[in-house]
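Let's take a friendly walk through some helices and strands. Have a look at the structure first, and then read on.

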Amino acid sequence: MDLSSRDWRMLIDGEMFAGAKRRDVVSPTTGRVIASVPEADVADAERALAAARRAQRGWGGMAPLERAQVMKRVSALLRRDADALARIVVEEQGKPIAEARGEVGGAAEFFDYFAEFARRIEGQILPSDVRDEQIWIQRVPVGVVVGIIPWNYPAALVSRKVAPAMIAGDTIVLKPHELTPLSALFMASLFVEAGVPAGVVNIVTGGGASIGETLVRSPVPDLVTMTGSVPTGKRIMATAAEHMKPVSLELGGKAPFIVMADADLDLAVRSAITSRFANCGQVCICNERTYVHADVYDRFLEAFVERARALRVGDPHSDAVDIGPKVSQGELEKVERYVAGAVADGARVVLGGARPKTAPVEGGNWYLPTILTDTRPDMTIMRDEIFGPVVPISRFTSFEQVVGFANDSPYGLSAYLFTNDMQRIMRTVQDIDFGEIYVNRIGPESLQGFHVGYRQSGVGGDAGAPGLELYLKKKTVYLNYSGRPATSLMPY
């Protein structure tokens, strides 16, 4: 797919804008430049914010059903161009084409799902303390939103930020990651084609330290929603505090994957493989540390290694490939450092642990599926997010012990349990301190669920009705229709 000849442009105030500066986009599969995209400057970012502020009152004043009709046109266009967008995802991010198709399908579904809230944004009418008066609590648009997304789902995460903002009556300025801007810029052209009014959706490209900082520090936004790393989330939270603007931060994870002795072992093995190696392990809810009961540890490990060995690493354009490249050379080297550190700490490599001897495609960021054993809870590999195709496996002897292992983490996003014991399931729901718990299944999360993390996995959340709440604020109205002065009965 030739992306170099396309005229890539940002979307600002309803216009596709080329910008004055350019940035190269590099393929993780070949290491070659595949496109040149605009690089916003501070003035571009401020212009996008100003456009969003101007457009918000008109967009927010439309009936939600009118906004939903625009969103349905967006989802229809995403489905029409699904193959082209999926191939762009492969080119810039490196996930296998089958996974990219699934991502694009999800991107369209976000617009369909949130459009359904056109008739579901509810308020409250409460009885007053005085006669002939009502108290209304309305849900109204929060205003202007800044959305910042990472590189691992460059299409779906555009929709995850834009769709709830649109149905809520907000306007948004979205910044994709500088490694993977193409999907967002392609989608920008679809927003224009769908008739999204000028200024409602703006997409600007650039680095986090420059453009991201400008967007977050500005007094214009009323909400900042970001998916990404813990250090970036902390910087955003501190910067947003300057203007007391709320933030929603979906950050990293270190998901424990717990296999009890009574589990369906085949299901657990297949699920652990998918949860660890999908998208080359570059998923915040991935199986980051596997705990297997001692009674079934050897059987699990043997089957797990066999399945992992059969995974095909190669050109992600092929339907026959299971694992593509890491997104960048820097990310590849980070994974190598984690594995080397684990080995130095006493872990044993039972599979992989290196780059392929022969690269599937010359110039790509390749790393073999890797399994580590003899790991301890205090090892860095068991505490830090790896974000790559590497899984450390530990054995445990009791449910109480593994609950302690799972909760002993600075992260608190997703956790997995495989068992057929209902008592253990209910105790897990009660005792595992994570925002998402998957029992006898793996992710991804559902649109109607709430994607939320504890501790350093973030604040706020995404998806579902609770996710939409973040894009709305409450307004309380005291309506007195008596024609008499109202006197509160409260003693203050």
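## Helix 2 meets helix 5

In this predicted model, helix 2 (residues 64-80) and helix 5 have axes that come within 8 Å and cross at roughly 155°. Angles over 145 degrees count as roughly antiparallel, and helix 2 and helix 5 are therefore roughly antiparallel to each other.

Which residues make the contact? On the helix 2 side you can find Pro-64, Arg-67, Ala-68, Val-70, Met-71 and Leu-78, which meet Ser-159, Ala-163, Met-166, Ile-167 and Ala-168 in helix 5. Sorted by type, the residues of this contact between helix 2 and helix 5 are nine nonpolar, one polar and one charged.

## Helix 4 meets helix 5

Now turn to helix 4 (residues 97-115), which packs with helix 5 (residues 156-168) at an angle of about 10°, their axes being 9 Å apart. Angles under 35 degrees count as roughly parallel, and therefore helix 4 and helix 5 are roughly parallel to each other.

The residues of the contact of helix 4 with helix 5 comprise 11 nonpolar, one polar and two charged.

In what order do the three strands of the open sheet lie? The order is 5-6-22, with antiparallel pairing. Strand 5 (124-127) and strand 22 (472-480) each have a single partner strand, so one side of each is left without a neighbour in the sheet. From one strand to the next, the twist averages 25°.

Strand 5 is joined to strand 6 (residues 133-141) by four bridges. Pro-127 has Gln-134 in strand 6 as its bridge partner.

Terms used
Residues are numbered from 1 along each chain as its sequence is written. This is a predicted model: local features need pLDDT of at least 70, side-chain atom pairs count only at pLDDT 80 or more; totals for chains, interfaces and linings use all residues. Side-chain values use heavy atoms; hydrogens and water are left out. Axes are lines fitted to C-alpha atoms, for helices over the stretch in contact, and angles run from 0 to 180 degrees between N-to-C directions. Helices (H or I, at least four residues) and strands (E, at least two) are DSSP runs, numbered from the N terminus. Angles under 35 degrees count as roughly parallel, over 145 as roughly antiparallel, 65 to 115 as roughly perpendicular and the rest as oblique. Ala, Val, Leu, Ile, Met, Phe, Trp, Tyr, Cys and Pro count as nonpolar, Asp, Glu, Lys and Arg as charged, and the others, Gly among them, as polar. Contact means heavy atoms within 4.5 Å. Two strands pair if DSSP finds at least two bridges between them.
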